[in-house]
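Please load the model in your viewer and keep the sequence panel open beside it. The tour below moves from one selection to the next and says what is there at each stop.

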Amino acid sequence: MEAEGGLSNKGSNHKDSNGLIDALFSWDFNNVFNQNIYKPKVRKIPKSFETEEQYKGSYIFPLLEETRAELCSNLKTIQKAPFSQVISIETSNTKKDKILFNVNVSSWRNTYGGKGQQPYKSLPGDFFVILDVDPQTITSDYLEKSSKLNWAFAWLGQVNDNNTPTHLKLHISNSMDQLKSTPLFIVFLMNLTTNLRIWKTLQCSSSGGIVKHVLGTMSMDNKTCKQCNNQTDGEDSTEDMATLRLASLSLNESQRVAIESCIRKVKCQHKPSIELIWGPPGTGKTKTTSILLWKILAINHQIRTLACAPTNVAITNLASQVLKLLKHDSLSRNAIFCPLGELLLFGNKDRLKFDYSHQLEDIYLDRRVEKLFKCLGQYGLKFQISSMIGIFQENKLSKLKRMFKSNVSSLLECVHIFTTHIPQQVIMEHNWKKLEILVGFICDIGTLLSKNNYNYDDDDTMGEALIDLKCHFLLVLRTLLVSLDEIEVPSKLSKNSIEKFCFQKASLIFSTTSNSFKLNSVKKNSLNLVVVDEAAQLKECESLIPLQLPHISHAILVGDEFQLPATVKSKVCERAKFGRSLYERLSLIGYSKHLLDTQYRMHPLVSYFPNSKFYGNKIMDASIVMNKEYEKEYLPSPLFGPYSFINVCGGEEESNGDGQSKKNMVEVTVVTQIIQMLYKAWCKNKKDISIGIISPYNAQVSSIQEKLGRKYEKKNNEGFGVKVKSIDGFQGGEEDVIIISTVRSNNGHNIGFLSNKQRTNVALTRARFCLWIVGDAKTLGKSNSEWRDVIDDAKTRRCFFNVEENKELANEMRMMKTWQMSDIKQEILKLDNIYNSNHVYGRV
């Protein structure tokens, strides 16, 4: 079968997510390595669309091509991929004409792909290749050219209870007759979950909703609808806006206006809306978004919201901020309970990367289900109340004291779970007050029983105060036991029914954009609003996953299209604008944006260039960064002021072993020497400092990490922290001092993907107090990119320095050059010895 024709049919005809798997299973290695296989099919994605069918169809072939490119990239580094030896493969069962296989493997090797990465653990959506050759001994050329290789692709659809790292239930592409040879090896290549969810979303009709309003052909005017305008004079609207109390939250005018405007739009039940919030670096984007979400919860209207972000880190950060606001609000009101049942976070706990000691456990779905299963179960809240009623029917004081003491903690635990994990509106106001009264009585009774006149076990007489408390306590317990039956909780108790209950009753659900796909399977779970944080980092087709959920009528996209977008591997897809976000496209076709116009992160000398170059001087510096206390002198030299370009000539870029990345060992030496100087200064003054070292190339990151070793790990130096990451990996981060190693140094003045202006912007906006750029000014200055402007600007502002201007750095450079010359002499000597020995043998 010809690959392109077969894939074309599969790409357009399969109406389920497995259609993508069918397409992948039809490929051979030649297809995967063929960069032009989908080139004729991938068209440039337009800025606007006539129909929903055209809109979604524009992403089908780019998605296939990008999946191919990701698979190709991972096959090229197959020697480094996690792998295991296959022990056995047996047919399991058949589902929907697809055969499942039980595959038993040995322990996984190559489980760490690099420093800081987690060990491999199988997850649903994992895609593998099974080979009859050890993957550590082969190259991608071998895969492409070998005709004798026995192999098959495999996909892990679900992880069942029986699944362990060494027992997998897989779909396999080829017939088992081709995999009879031994030994066999299985290699993890990539996880397809997000691509499968996008595929499914593109195949389904949205049934109206908000999707038709993002096509670009329908104008979305920013005026409040006439019906809502007529209601703004009413008391209800005034009360709603009064409950916001934004003045007390230290918001600037642009943040306040953005929040109020978005809330007015989402309150409208008559017309859909799409709002864009533009948050350049340091302008309090996450703060604004978290306050917006918190205040939407306070509105009397029942607005159910889904909050999404591209990554687990981003969504847990946003959820943590909202949770903090809720808890602080409860404390400020001296509330007995802190109701969190309206908030719900769901996803894979290993990927969310928090444990049950983390504050987010209070809103995490799996933990909530465990807690409520206990609280609503046979020995839950009702049982504890009934037990306490029985205890307080006891007339002997000594027995009452013992039984109260042994049972009260269980009752209080159930009350805590009940009020924390079930939304307050579900419990209802009168029951909530009874629970508060109940806790008050428990405290009073505990206090009374602990007094001296009740401390004798042989005295069974009850005082008047205790008798009175006992009567009132019994009344509260009995009325509460009856009224608890009014509360709508699952009648048939199971973990599945509780999970469904949690989804249906939460008013604010947190999830990654990809994982929000699971909400399609939750019945009677209508959501009104989607808020997407870091929206400019998402491919548009991935943004469709939450936007296509039923009943969504409003969307708020928060982001900054001048920072890095989603990563795209395929050059074909890059040219087709497959990586462009919905946020960016709507900006391009004229959607208005709420600009957050004040930055609170960077020293003014740091913010000056990115503000003028990327944001048209629209961003103001907050008073806090203008303050003299924001001036930090970490090292006594003009070269290490708030902003400097440190010119390192004489360095030489080189490719790493697999040719996929670059490094510059001279810059490694300069950067590590600066760290040593900072460490010496810190040892003397012990003033806390956090340092970020960033570079566009992973090979440079690895080289710097290797040179630094473990000397500066935080556990050894509390108050002195060093992080080394790629620029892409540092997006969203900030540190006191940022050191950029630009790497590129060549006669052709080529700087590769360093020329990307969004990557440049991210690199230049991570520092709070000091930004030091280490690079070859000649290469960068003649590169015809933003870096030329960086050099010119540094010279104009007298922030340009040669590395030799600092004595310690100059000495380190001289020593390195001496070592290099010594290495060269040794190599020449070896060549001379080889030549002389060959010459002697030749004469003999």
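**First stop: a covered strand and its sheet**

Select β22, which is mostly covered, since nine of its nine residues are buried, where buried means under 20% relative accessible area, exposed over 50% and partly exposed in between, with a 1.4 Å probe and protein chains only. Strands (E, at least two residues) and helices (H or I, at least four) are DSSP runs, numbered from the N terminus. The model is a predicted one, in which local features need pLDDT of at least 70 and side-chain atom pairs count only at pLDDT 80 or more, while totals for chains, interfaces and linings use all residues. Residues are numbered from 1 along each chain as its sequence is written, and side-chain values use heavy atoms, with hydrogens and water left out.

Now extend the selection to the open sheet of six strands, whose order is β20-β19-β21-β22-β16-β23, with parallel pairing. Strands β20 and β23 (800–802) stand at the edges with a single partner strand each, so one side of each is left without a neighbour in the sheet. Neighbouring strands of this sheet are turned by 20° against each other on average, direction ignored; axes here are lines fitted to C-alpha atoms, for helices over the stretch in contact, and angles run from 0 to 180 degrees between N-to-C directions.

Two strands pair if DSSP finds at least two bridges between them, and the pairs can be followed across the sheet in turn. Between β19 and β20 there are seven bridges in the parallel sense, and Gly692 stands opposite Lys723 in β20. Helix α26 packs on the sheet, where it touches β16 (643–647), β19, β20, β21 and β22 (767–775), and its direction makes about 145° with that of β22; contact means heavy atoms within 4.5 Å.

Between β21 and β22 the parallel pairing runs over six bridges, and Glu735 stands opposite Ala767 in β22. On the way from one to the other, select helix α29 (residues 757–764), which makes a right-handed β-α-β unit with β21 and β22; a crossover is right-handed if, with the strands pointing away from the viewer, the path from the first strand over the helix to the second runs clockwise. Strands β16 and β22 are paired in the parallel sense over five bridges, with Leu771 in β22 as the bridge partner of Tyr643.

**Second stop: helix α27**

Select residues 698–708, helix α27, in which Ala699, Gln700, Val701, Ser703, Ile704, Gln705 and Leu708 are buried. What covers these buried residues includes β18 (662–664), α26 (665–685), β19 (689–695), β20 (720–726) and β21 (735–741). Just after α27, Gly709 takes a positive phi of about 65°.

Six bridges join β7 (residues 273–278) to β12 (residues 554–559), which run parallel, and Ala555 in β12 is the bridge partner of Ile274.

Leaving aside its neighbours within four places in sequence, Leu293 is in contact with Thr305, Ala307, Leu318, Val322, Leu508, Phe510 and Val531.

**Last stop: helices α2 and α7**

Finally, select α2 (residues 18–25) and α7 (residues 193–203), which pack at an angle of about 120° with their axes 8 Å apart. The contact is made by Gly19, Leu20 and Ile21 of α2 and by Asn195, Leu196 and Trp199 of α7.
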